[in-house]
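Colleague: I've just opened this one and could use a quick tour. Can you walk me through it?
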Amino acid sequence: MEATEEKKEPDTKRVHTYPLIRHSDMNDEMKTEAMELCVTACEKFANNNENAAKMIKDTMDKKFGASWHAVVGEGYGFEITHEVKNLLYMFFGGNVAICVWKCS
Amino acid sequence: MPAKAVPKAKQVPERQRRITRGRDGDDMTEVGDGTDADDWTQTKTLVKPEDQLDLNDLELKEEFTRILTANNPHAPQNIVRYSFKERQYKHTSSVDQLAVHFALDGNMLHKDSDEARRQRQKMGLSDAADGDVPLASAQPSEQALNEGAEEKAAAEAAQGEDSGEKGELGEGEAGAGTPLPKEGAASGGKKLTNQFNYSERASQTYNNPYRDRTTATEPPPRASFSSNATQWEIYDAYTEDFEKQEKTKEKKVVPGRKEEEKTRKKLAITETSGDDISRVGTAAKIVERMVNQNTFDDIAQDFKYYEDTSDEYREMEGTILPLWRFSYEKAKKLAVTSLCWNPTYKDLFAASYGSYDFMKQGNGLIVFYTLKNPSFPESAYETDSGVMCLDIHPDHPYQVAAGFYDGSVAVFNTVERKDGPVHRCTAKNGKHTDPVWQVRWQKDDADNNMNFFSVSSDGRVVHWTIVKNEMIFQDVIQLTLSDGPAEGPDGIKVPTTGCGTAFDFHKQKDYLFLVGTEEGKVHVCSKAYTSHFIDTMDAHNMAVYKVAWNHYHPKIFCTCSADWNVKIWENGGKPTDNAEPTSKKPLFCFDLNNSVGDVAWAPYSSTVFAAVTADGKVYVYDLNINKYEPLCEQMVAQKKKTKLTHIEFNPTYPIIIVGDDRGNVTSLKLSPNLRKIPKEKKGQPAMDTAQRLEFENTKLTKILSMVREQPDVTK
């Protein structure tokens with residue numbers, strides 16, 4: 001019994017770290033770019049969500065025009081208004097939720 | 001050099017003379033120059049030298065022609081010199097052609113040179129005062145010449161003061177560039193004139209005032225989004241996604257093939273969707289036929305079930321019932337020139353359209369109609385020339401041969417090409433020179449090549465063979481002109497002219513065929529003889545429009561003609577006994593009181609035939625029932641003047657189609673009396689084809705025997 005449970009354990013508690021897009025209305029090109037950016041930012045600043053968010057925001061401003069907003073965190077609720085086709089809400093690393101949107 | 005001295009001495013006075021003359025000229029030009037330079041700013045004032053001659057107009061107009069040549073006219077040509085070497089005088093050919101007309105030493109001096117200084121002293125000028133004039137030059141001898149110029153300069157000076165600025169500006173240049181030598185002493189205080197005199201003018205245009213205009217674009221659309229990011233939500237999302245991935249992996253056990261199939265399907269869909277109309281083509285056709293079936297429901301019912309009950313009460317009469325009428329917009333003004341049922345599809349027939357009117361030839365049409373859709377043709381070919389005849393191949397029902405008014409023949413393939421003929425002969429390969437009146441497919445030849453015959457007014461019967469991609473022609477018979485009486489001592493009358501209008505091939509004997517001509521003759525011909533007729537008869541007085549073998553009896557055929565008659569003949573009754581006129585006389589002769597356009601034997605009986613006339617009537621005869629009168633004589637044409645041109649029996653259904661000269665094709669149902677076939681005796685199986693053939697043959701023979709005996713009896 002124990003052995004079987006042990007076998008099941010790692011399977012169920014398997015940690016997924018790949019980036020998972022939860023919600024997005026961007027076009028594909030923008031989406032992949034933004035997603036890759038979030039991944040690099042979170043990997044670079046694994047222990048500092050503020051810096052990661054700052055990096056995401058700055059880079060997005062440069063690439064897609066001003067007034068981007070970014071939220072990086074493990075637990076938060078939010079209600080935002082964004083310009084259509086400019087929202088990305090994704091999970092990464094199994095515990096971080098990233099929300100990027102544009103609104104001027 | 002005493003010899004050389006002589007000519008030089010001669011030349012000197014000449015030169016002097018020229019110089020003086022040149023000076024006069026110079027004088028003139030100098031004055032001219034002075035005026036020319038300022039001529040664009042000031043009014044021209046002519047200054048005359050004092051010694052100028054006063055000439056009246058006439059004298060002024062007199063022309064002095066002078067020709068300048070490079071040769072010196074005064075140079076001697078006979079110069080002789082003494083040659084010490086040869087001790088004799090010798091003629092020298094080289095003559096000095098140079099003549100100096102004018103020479104003037106320069107009168108400019110450098111101001112620092114001694115001579116200039118001396119000159120200045122002589123004239124009492126100081127160096128300082130002369131500073132403004134960089135080049136001063138004067139020669140007493142020249143003063144007289146420059147007098148005019150001086151005056152001019154003085155006048156300019158007065159003006160120059162007005163525009164002092166300009167004068168000063170241009171002074172440096174003017175001083176250096178002045179072509180005229182100025183007299184420093186006299187013009188020391190004078191301003192030098194600027195030849196490049198110009199003025200500047202400025203003006204300010206009106207500046208348009210600025211105006212602001214603003215507009216606001218619509219702000220980019222926005223949406224709100226809200227969510228809650230918690231660890232458990234993130235975890236759930238991941239597991240859900242993972243499960244989904246697992247599932248897709250399972251599905252992708254044979255991923256390659258499935259994806260391929262998917263893409264293929266997609267491709268197929270896109271391909272078909274690319275051609276929307278063709279995709280709905282079949283469906284549309286079915287719907288169209290359904291609509292037609294509903295619209296013409298009563299006619300369809302008649303076609304299938306209606307039998308004229310009154311036939312039961314009369315033996316000798318029958319009726320025909322009009323069913324569908326086929327017309328096509330493009331064929332409205334054309335005449336139906338031939339009709340042909342499709343051998344495979346019993347409801348499908350082809351009609352060719354052209355014009356019989358020599359004066360009104362135009363385009364032609366080949367149209368395929370089906371009984372299932374009387375409102376619109378199944379397909380149509382438009383041609384540049386009127387189509388006069390067509391025939392559908394009995395074994396390949398998609399092959400259609402057609403003959404045109406321009407003499408060409410063509411083969412259409414209804415499956416392969418929807419726009420035009422597959423083959424068409426040209427003037428190069430055997431085209432007829434007159435309208436082709438009939439074409440007829442033959443059995444495939446030994447090499448399985450399709451082949452057909454055509455007959456035309458040009459007197460040729462041509463055999464066409466389709467070999468691969470070309471049509472090969474071969475003249476089978478030439479209905480040539482020849483002197484009839486001279487030909488045959490045995491009395492065979494050879495036709496005087498040959499304009500084929502119709503032909504028909506024997507049902508059983510492949511080689512035997514009949515040709516009807518415009519002169520009313522009918523020739524019995526064989527494919528084996530190209531210049532010889534087996535038999536000839538003076539069938540009609542006018543053009544033969546149709547010859548047709550009986551479907552059952554091998555010797556019987558009928559002809560129709562513009563001379564109002566339909567005649568039935570027996571071929572080769574007594575071929576050896578040519579003097580006997582029986583073979584030249586018809587067995588039956590029916591006068592239909594109008595030009596007979598077409599005649600056709602019924603496929604179901606050996607004794608029934610139908611004919612159409614130019615007054616719009618259809619006649620149906622059954623010799624078995626009445627040998628003299630038609631069972632049915634019925635007006636079919638819609639309008640009074642419409643001529644009926646052709647008729648054809650459907651091979652299976654009891655209907656006929658009739659074409660008229662206004663592009664209409666009418667289908668008609670034959671009443672039971674018109675299609676009597678032997679009754680099946682109870683308890684006996686139906687007759688097979690051989691029995692049927694025999695029965696029909698005996699039936700006809702019986703009638704014929706009665707007719708045949710008659711003339712003998714009368715005689």
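This is a predicted model: local features need pLDDT of at least 70, side-chain atom pairs count only at pLDDT 80 or more; totals for chains, interfaces and linings use all residues.

Colleague: OK, what area is buried between chain A and chain B?
Modeller: About 2,200 Å², with carbon and sulfur atoms giving 57% of it. A:His16, A:Tyr18 and A:Phe91 supply 21% of what chain A buries against chain B, more than any other three residues.

Colleague: And how many residues does the contact take from each chain?
Modeller: Chain A gives 32 residues and chain B gives 21, where contact means heavy atoms within 4.5 Å.

Colleague: Switching to helices: at what angle do H2 and H3 of chain A pack?
Modeller: Helix H2 (residues 28-44) of chain A and helix H3 (residues 49-64) of chain A pack at about 150°, with axes 9 Å apart. Helices here are DSSP runs of H or I with at least four residues, and strands are E runs of at least two, numbered from the N terminus. The axes are lines fitted to C-alpha atoms over the stretch in contact, and angles run from 0 to 180 degrees between N-to-C directions.

Colleague: So parallel or antiparallel?
Modeller: H2(A) and H3(A) are roughly antiparallel, a label for angles over 145 degrees.

Colleague: Which residues meet there?
Modeller: On the H2(A) side they include A:Met30, A:Leu37 and A:Cys38, and on the H3(A) side A:Met55, A:Ile56 and A:Phe64 are among them.

Colleague: Now chain B. What order do the strands from S5 to S8 take?
Modeller: They form an open sheet in the order S5-S6-S7-S8 (chain B), with antiparallel pairing; strands pair if DSSP finds at least two bridges between them. Strand S5 (335-341) and strand S8 (379-383) of chain B are the edges, each pairing on one side only.

Colleague: How many bridges join S5(B) to S6(B)?
Modeller: Six. B:Cys340 has B:Ala350 in S6(B) as its bridge partner.

Colleague: What about the hairpin of S1(B) and S2(B)? Which residue takes a positive phi?
Modeller: B:Arg87, near 55°, in a hairpin with four residues between the strands. B:Tyr82 stands opposite B:Tyr89 in S2(B).

Notes: Residues are numbered from 1 along each chain as its sequence is written. Chains are lettered from A and ligands numbered from 1 in the order in which they are written. Side-chain values use heavy atoms; hydrogens and water are left out. Angles under 35 degrees count as roughly parallel, over 145 as roughly antiparallel, 65 to 115 as roughly perpendicular and the rest as oblique. Buried area is the accessible area (1.4 Å probe) that two parts lose on being put together, summed over both.
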